[in-house]
Amino acid sequence: MAEHIVSLKKVNKFFGDNHVIKDLNLDINEGEFLTLLGPSGCGKTTILRMVAGFEDATNGTIEVQGERVEDKEAYERDVNTVFQSYALFPHMTVFDNIAYGLTVKKVPKSEITRRVKEMLELVQLMGFEGRKPDMMSGGQKQRVAIARALINNPKVLLLDEPLGALDLQLRKQMQIELKRLQKQLHITFVYVTHDQEEAMTMSDRIAVMNGGVIEHLASPDEIYKAPKTRFVANFIGESNLFTGKLESLENGIGGVATTLGKAKLELSGFEPGEEMHICVRPEVMKYSKEPVDGFSLRGTVKNVIFVGAQYRTLVTMEDGYDVKINRVKQNKDLKEGDDIYLYWEPDDATGIKA
Amino acid sequence: MAGEKRLSKRLRKKRLWGRVSNVYAFLVYLFIYVPIIVMVIYSFNDQKNNYYWNGFTTEWYEKLFTNSDLVGYLGISLIVAVAATIISVIIGTIGALGLVRFEFKLKSVISNSLYIPIVVPEVVLGISLLMLFEIANFPLGMTTMILSHATFCIPFVVIIMRGRIAGMDLSIEEASMDLGANRLITFFRVTLPLLIPGIMSGAFMSFTLSIDDVIISNFVAGPYATTLPVKILSMVKTGLSPEVNALTTLMVLVLLVGILINNAVQALLKKRALTNIKSYF
Ligand SMILES: Nc1ncnc2c1ncn2[C@@H]1O[C@H](COP(=O)(O)OP(=O)(O)OP(=O)(O)O)[C@@H](O)[C@H]1O
Ligand SMILES: [Mg+2]
């Protein structure tokens with residue numbers, strides 16, 4: 001048994017002169033829900049298409065279940081795809097759409113009927129087998145697409161923004177259903193989205209991509225709490241970023257001279273003298289009217305606004321940068337124009353290599 | 001009430017315009033169909049020279065079927081049209097697939113050169129085809145007719161199919177391959193069924209172009225492959241005869257039936273699944 005169900009090693013992809021995937025390594029564990037998350041054009045779809053067999057890697061190797069797949073055609077690979085546009089066969093009924101993979105393999109009719117029934121139950125579309133795709137809603141079409149891909153019992157299911165075309169409510173509902181399916185069937189899901197909330201709620205691990213490279217691959221929790229790069233810090237959730245140089249490092253606490261003043265945080269793996277960034281999430285940012293030991297970050301309260309579930313205070317720093325502070329309760333002690341000092345608990349901040 | 005009054009005035013105006021445009025449409029159709037209707041009526045005229053109405057007769061139709069070989073020419077027309085249609089649909093569809101789906105050198109040149117046979121005057125095309133056959137020492141007859149007709153039909157099929165194929169969602173075919181179907185199965189179970197409506201339009205177009213072509217046929221028909229339109233043209237050179245009226249009436253009838261069949265098939269295709277195509281596999 002292979003260690004990883006899918007494994008990309010030093011994969012590069014060029015479209016003409018356009019270097020789309022850069023020396024990418026990615027190991028996907030059996031049975032996990034892995035999400036590729038990143039801005040438009042970062043290469044998420046390209047990765048799925050290379051694994052599925054619709055696109056050839058310019059170089060590097062791709063393995064599925066420990067076997068190299070370069071020489072296998074898309075129809076010979078043990079992976080199936082759910083397309084963003086559903087890509088249902090418009091001239092076939094729901095039944096024939098779902099049965100397609102089996103009819104191609106010449107599975108006996110009685111077994112096809114039985115397994116299509118199972119699939120219809122699984123995606124809760126009983127009674128729809130005679131319908132044509134154009135007579136179904138977006139959510140129903142997506143279920144057909146999922147059932148059609150699952151009937152072949154793939155080792156890996158590739159999903160390219162499967163919920164992208166659905167409205168918010170339906171999307172939430174389908175997220176739960178997809179997660180249920182994945183747990184129930186123990187299939188590895190490789191899921192593409194650019195909705196970070198979706199990625200956060202569904203994934204076992206997230207690969208945050210930018211410009212053809214994976215910047216951070218970890219659990220949602222870890223990615224949020226300790227983003228590896230400046231890009232990840234900005235892309236996932238909200239963050240306040242300070243840039244500076246590590247001056248001292250004692251007992252795991254680093255003192256940093258930022259462009260806006262002194263600051264400290266828990267650090268490991270950094271050397272004094274190194275250039276670095278500090279990421280502090282808005283909900284752990286603290287403030288005081290008096291200077292705090294180890295910190296000298298001064299700013300002026302710009303405004304306090306209510307944004308849905310919480311209150312946000314914007315604090316303008318000397319160079320014009322707005323620091324965000326989020327609180328569930330309103331900061332009654334703050335008003336516009338107050339001069340305050342910002343600080344945080346040393347273990348609430350994350351150091352990012354410059 | 002003032003508001004109500006204004007509204008009804010507006011409605012009245014709208015209705016008036018509706019009536020005017022109905023009359024306009026009626027006149028346009030009249031303009032198109034009166035000559036045909038006159039021809040149909042006169043094909044039943046019991047008078048040889050067609051100058052005035054002299055009573056009803058089916059004599060010309062009887063003549064047509066008994067003592068004339070016009071039916072034979074019609075047969076040739078049909079054979080040429082059907083053969084040219086089949087050839088142009090196959091070549092045109094494959095050509096369009098190639099033009100849309102593959103990248104190659106001179107693609108835009110080849111793509112644009114499709115319009116040359118369409119814009120070149122038919123006389124020129126006829127002469128050049130004739131020259132070609134003469135140089136190649138190829139005897140004029142059915143084969144040259146079919147090849148020539150396919151020549152001017154193919155560009156139309158390619159242009160129709162090119163649009164259809166470009167508008168097709170590629171991921172539908174990818175989904176088929178993803179589910180384990182190789183390229184051949186994918187073509188016959190997914191691509192082809194989705195292209196059927198386009199192929200039908202292409203075929204209909206080719207058939208119509210071929211069946212009423214006179215100019216090119218005139219050049220390449222030779223003595224044994226004279227089609228009906230060519231024959232008719234040579235007949236009216238010596239004056240209009242009611243027999244020709246009867247014949248062209250029949251042709252109109254055939255085309256009318258053709259249009260109706262085409263529409264019916266298109267509607268049926270839309271309504272019913274083409275899933276039975278898969279029974280070939
Ligand atoms: N067939 C192609 N030919 C040329 N360039 C391509 C092709 N497919 C993708 N690209 C380019 O590769 C890059 C990555 O595309 P890709 O579709 O993988 O992005 P993505 O991350 O899926 O984006 P999105 O979130 O918008 O779907 C883009 O710059 C795109 O323009
Ligand atoms: Mg994409």
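## A loop residue with positive phi

Asn153(A) sits in the loop that links helix H4 (138-150) to strand E7 (156-160) of chain A. Helices here are DSSP runs of H or I with at least four residues, strands are runs of E with at least two, and both are numbered from the N terminus. Asn153(A) is not a glycine, yet its phi is positive, at about 50 degrees. Is Asn153(A) buried or exposed? It counts as exposed, because its relative accessibility is 55%. As for the cut-offs, buried means under 20% relative accessible area, exposed means over 50%, and partly exposed is in between, with a 1.4 Å probe and protein chains only.

Asp23(A) also has a positive phi without being a glycine, this time near 45 degrees. Asp23(A) belongs to strand E2 of chain A. With a relative accessible area of 43%, Asp23(A) is partly exposed.

## Ground rules

This is a predicted model, where local features need pLDDT of at least 70 and side-chain atom pairs count only at pLDDT 80 or more, while totals for chains, interfaces and linings use all residues; side-chain values use heavy atoms, leaving out hydrogens and water. Residues are numbered from 1 along each chain as its sequence is written, with chains lettered from A and ligands numbered from 1 in the order in which they are written.

## Chain A as a whole

Chain A has eight helices and 20 strands. Its C-alpha atoms fill a box of roughly 80 × 45 × 35 Å along the principal axes. Of its 354 residues, 52% count as buried. Contact means heavy atoms within 4.5 Å. If you take the contacts in chain A with a separation of 6 or more, 66% of them are between residues 24 or more positions apart.

What about the outside? The accessible surface of chain A is about 16,200 Å², and carbon and sulfur atoms make up 48% of it. Those areas come from the Shrake-Rupley method with a 1.4 Å probe; for residues, only the protein chains shown count as cover. Chain A carries 45 positive and 52 negative side chains, and the centres of the two sets are 5 Å apart. Lys and Arg count as positive, Asp and Glu as negative, and His and the chain ends are not counted. Each charge is placed at NZ of Lys, CZ of Arg, CG of Asp or CD of Glu.

## Around ligand 1

Which residues are around ligand 1? Among them are Phe15(A), Asn18(A), Val20(A), Glu161(A) and His194(A), along with Ser40(A), Lys44(A) and Thr46(A). To be listed, a residue needs a heavy atom within 4 Å of the ligand. A polar side-chain atom of Ser40(A) is 2.4 Å from an oxygen atom of ligand 1. For Thr46(A) that kind of distance is 2.5 Å, and for Lys44(A) it is 2.8 Å. On its own, ligand 1 exposes 640 Å², and the protein buries 60% of that.

Two elements of chain A give two or more residues to this shell: strand E2 (18-28) and helix H1 (44-52). H1(A) has the largest share, three residues. H1(A) is largely enclosed by the rest of the structure, because seven of its nine residues are buried. Lys44(A) and Thr46(A) are among those buried residues, as are Ile47(A) and Leu48(A). After H1(A) comes Gly53(A), with a positive phi near 105 degrees.

## Helix H8 of chain B

H8(B) is mostly covered, with eight of its nine residues buried. Its buried residues pack against H1, strand E6 (79-82), helix H2 (94-104) and H4 of chain A, and also against helix H3 (70-101) and helix H9 (183-211) of chain B. Gly180(B) follows H8(B) and has a positive phi near 105 degrees.

Ser171(B) lies in this helix, which covers residues 170-178. Ser171(B) counts as buried because its relative accessible area is 9%. Its side chain makes a polar contact of 2.8 Å with that of Asp169(B). A polar contact is a pair of N or O atoms within 3.5 Å; within protein, one must be able to donate a hydrogen and the other to accept it, and residues adjacent in sequence count only if both atoms are side-chain atoms. Not counting residues up to four places away in sequence, Ser171(B) touches Phe83(A), Ser85(A) and Ala87(A).

## Val232 of chain A

Val232(A) is part of helix H8 (residues 230-235) of chain A. At 0% relative accessibility, Val232(A) counts as buried. Leaving aside neighbours within four places in sequence, its contacts include Val208(A), Glu215(A) and Ile223(A).
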